[in-house]
Amino acid sequence: MSIAATPSQSETPSGPDESGSAAGPTLWQRAVVRPEIGALLGALLVFVFFSVITDKFLSPLGVANWLDDASTMGIMAVAVSLLMIGGEFDLSAGVMTASTALVTALLAVHAGWNVWWALLASLVFALAVGAFNGWVVMRTGLPSFIVTLGTFLALQGLNLGVTRLVTDTVEVSGIRGASGYASAGAVFASTINLGSTRIQGSVVWWIVLTVIGSIILVRTRFGNWTFAVGGALDNARAVGVPAVRTKILLFMGTGFTGWVVGSCNILRFGSVQANQGVGLELQFIIAAVVGGCLLTGGFGSVIGASIGALIFGMARQGIVFARWDDDWFMLFLGVLLLAAVLVNNQFSKRAERIRR
């Protein structure tokens, strides 16, 4: 068994041609079975649709708005897609963005820590929760859906309980007056001036993490391990893949991106609500599915997941620019998810046929 034989990587020859030599898939066949092709076509369709019905969509401010909207979801989609390709889910990913922001804010504002030390502590917290999730899943064999649902509920209760205990409210604010805020804000909450508009720093984080995640997935041994443990865990173990380490690191990845998003939010807005992020975990998963990730694991694309997040941002802001009721966005999500699942299943089956 070759653990590198995945639909997203180089394909093996499909068989001999008429001259008796090995003939591989054509360029068209390789393009069609890419996991992100469906998301790319969907993004193009959404882009053209809202460009036609509202002039604000392509204005400099409009572009900045839907990129900003998509950026934090895109950051999370990078790690969530890697985890899903590895065959697992993390339902605590949404609330983690609030938990890390709360740890940073409480330490910086109420304990008097320098913001950078508070950020380091919240990073350690995020990685520890991710490692705990991965360890419990691999140690017990319980579905990650159940394990991370428990973590989600525990973190939600912890966020509310600790915040009320310390502040008597459900909000922590005042971090802008803490030591080290200026330099930390320059890293996580700065803006880039492009002509007459400003691009948020979270967009840069999104692009950088998408590139890094894509390289890890398709150019490294760890990427091969991710496909292997998601596609056939027992077979992966049989050929020496460190399955436990791989899955724990994947869960730690979602913790890390949750920390990045939480840090961007608290340093940009200066406050955080204890119930922030609840419900976003499903949107992260939908973005990954739209981007080509199968719910069964072993197939997907980091770039595709980022494109899925971009579709979310364009649709959400496009609906606002078109002055439609926000309720239509939920209809859009439902239709998009169903269409993505159907399309991804067809792409994965076609990829299998081409590889054979």
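Biologist: Where does Arg323 lie in this predicted model?

Modeller: Arg323 sits in the loop between α13 (302-321) and α14 (327-355).

Biologist: Why is Arg323 called exposed?

Modeller: Its relative accessible area is 71%. Exposed means over 50%. Therefore Arg323 counts as exposed.

Biologist: What is the phi of Arg323?

Modeller: Phi of Arg323 is near 60 degrees. That is a positive value in a residue other than glycine.

Biologist: Where is the place of Asp168?

Modeller: Asp168 is in the loop between α6 (144-167) and β3 (171-173). Its phi is near 65 degrees, a positive value, and Asp168 is not a glycine.

Biologist: How do you know whether Asp168 is buried or exposed?

Modeller: Asp168 has a relative accessible area of 67%. The cut-off for exposed is over 50%, so Asp168 is exposed.

Biologist: Now a helix residue. Is Thr257 buried or exposed, and how do you know?

Modeller: Thr257 lies in helix α11. Its relative accessible area is 4%. Buried means under 20%, so Thr257 is buried.

Biologist: Which residues is Thr257 in contact with, leaving aside neighbours within four places in sequence?

Modeller: Thr257 is in contact with Ile75, Met76 and Ala79.

Biologist: Why is helix α9 called largely enclosed by the rest of the structure?

Modeller: Helix α9 covers residues 221-231. Because 9 of its 11 residues are buried, the helix is largely enclosed. Among the buried residues are Phe222, Trp225 and Phe227.

Biologist: What do the buried residues of α9 pack against?

Modeller: They pack against α3 (60-85), α8 (201-219), α10 (233-238) and α11 (243-269).

Technical notes: Residues numbered from 1 in each chain as written. Predicted model: local features only at pLDDT ≥ 70, side-chain atom pairs only at ≥ 80, totals over all residues. Heavy atoms only, no water. Helix = DSSP H or I, 4+ residues; strand = E, 2+ residues; numbered from the N terminus. Buried < 20%, exposed > 50% of the residue type's maximum accessible area, 1.4 Å probe, protein only. Contact = heavy atoms within 4.5 Å.
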